[in-house]
Amino acid sequence: MSLHEGQAPAKKLLGLKAPAAKKFKVDRVQPVMHSPSEAGFVAEKSREQYMKDVEKCLKLIKDGKSYELCLTTQMRKKIGQIDHLGLYLKLREKNPAPYAAWLNFSKENLCICCSSPERFLQLDGYGILEAMLIKGTIARGLTKEEDEHLKFQLQYSEKEQSENLMIVDLLRNDLGRVCEPGSIHVPCLIDVESYATVHTMVSTIRGKKQPKMSPVDCVRAPFPGGTTTGAPKLRSMELLDAIENSSRGIYSSSIGFFSYNQTFDLNIVIRTIVIHDGEASIGGGGALVALSNPESEYEEMILKTRATVNTVLEFQKESILDYE
């Protein structure tokens, strides 16, 4: 499939609708998918090294250096020339999410295909700031019964609840710098939303922007998103910088828009494929707290990458068949 073969992909992109977030939830259960290694991706760190890094983080938490650390890593695969827009549309099909984005920088041979389920921050026309954080993830089940059991398991997990609550408290503090006193509230705490491959634990924080604060002030206060750093934020970032091997790039940052009417809406860049010079890179990770287990954290990191790595694998196979 190639953009040179016609205008159908471009027309399809322009014709995509943006329904409410709830309409993106997927109720059907997905089949078992390939792991990143089975899909041809090479991890920056081996299973053993990642688990050692988790243990380092747990020691830092035990020593009181941090309460929660969001450890990440990268995996890469050479894919050569590929239809970037076609890949993005495939990602939307396989892993629909409310905060998706496609950025193409042809002169730099760079493309970002993002299918994020997480909002970083929104400012609406009434001056209300809203953050919708995701902390707590579990796989979908292979049967309806297993799926419901896993959803229940996530909702009542002490570890997952602690991950979520710590970041709720962090974001309340961040937004407190730019919101009117007493306006910050949590209308939704530890709700479970279901997507194509995972159930996620979501909390919503809102507050009324102070009149003197500009949209840029509002973004600067909580950036980067607490779900990608840990708590306390600055110290956790310093600790992670010493453990992670390389820069995260756009992964775990934000994509969105600022409008002429002073509103904005930004996501957290997760579930994302970055293509640069014929290589696809995918980030994955997870939050670590005192109750975390190294092996379980590695499996959760792999789980979060499966939708994107399988999209690349399937699209490559389809492109070969189309070429033949």
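## About the model

Residue numbers start from 1 along each chain as its sequence is written, and side-chain values use heavy atoms, with hydrogens and water left out. Because the model is predicted, local features need pLDDT of at least 70 and side-chain atom pairs count only at pLDDT 80 or more, while totals for chains, interfaces and linings use all residues.

Let's start with strand β6, which covers residues 128-139. Helices and strands here are DSSP runs numbered from the N terminus, with at least four residues (H or I) for a helix and at least two (E) for a strand. Of the 12 residues of β6, 10 are buried, so the strand is largely enclosed by the rest of the structure. Buried means under 20% relative accessible area, exposed means over 50%, and partly exposed is in between (1.4 Å probe, protein chains only).

Two strands pair if DSSP finds at least two bridges between them. Strand β5 (residues 119-123) runs antiparallel to β6, with 3 bridges joining them, and L123 stands opposite L129 in β6. The hairpin of β5 and β6 has 4 residues between the strands, and G127 there takes a positive phi near 80°. Strand β8 is also antiparallel to β6, and 10 bridges join the two. In this pairing, A131 faces I205 of β8.

## S203 in strand β8

Residue S203 lies in β8, which spans residues 198-208. With a relative accessible area of 0%, S203 is buried. Its side chain makes a polar contact of 2.6 Å with that of N164. A polar contact is a pair of N or O atoms within 3.5 Å; within protein, one must be able to donate a hydrogen and the other to accept it, and residues adjacent in sequence count only if both atoms are side-chain atoms.

Contact in general means heavy atoms within 4.5 Å. Setting aside neighbours within four places in sequence, S203 has contacts that include A131, M132, L133, V168 and C188.

## The β3-β4 hairpin

Strands β3 (residues 99-105) and β4 (residues 110-116) pair in the antiparallel sense over 7 bridges. Y99 has S116 of β4 as its bridge partner. Their hairpin has 4 residues between the strands, and N109 takes a positive phi near 55°.

## N310 in helix α8

Helix α8 runs over residues 294-323 and holds N310. N310 counts as buried, at 2% relative accessibility. Apart from neighbours within four places in sequence, N310 is in contact with M33 and H34.

## Cysteines

A disulfide is a pair of cysteine sulfur atoms within 2.5 Å, and by this rule the count comes to 0 disulfides. For C57, the nearest cysteine sulfur is that of C70, 9.5 Å away. C113 is in no disulfide either: the nearest cysteine sulfur, that of C111, is 3.9 Å away. C57 is buried at a relative accessible area of 0%, and C113 is buried with a value of 0%.

## Aromatic pairs

Rings of Phe, Tyr and Trp (its six-membered ring) pair if their centres lie within 6.5 Å; planes under 30 degrees apart count as stacked, over 60 as edge-to-face and the rest as tilted. A search of the whole structure finds 5 aromatic pairs. One of them is the tilted pair of F258 and F264, at 5.3 Å centre to centre with 45° between the planes. F258 is partly exposed at 47% relative accessibility, whereas F264 is buried, with a relative accessible area of 1%.
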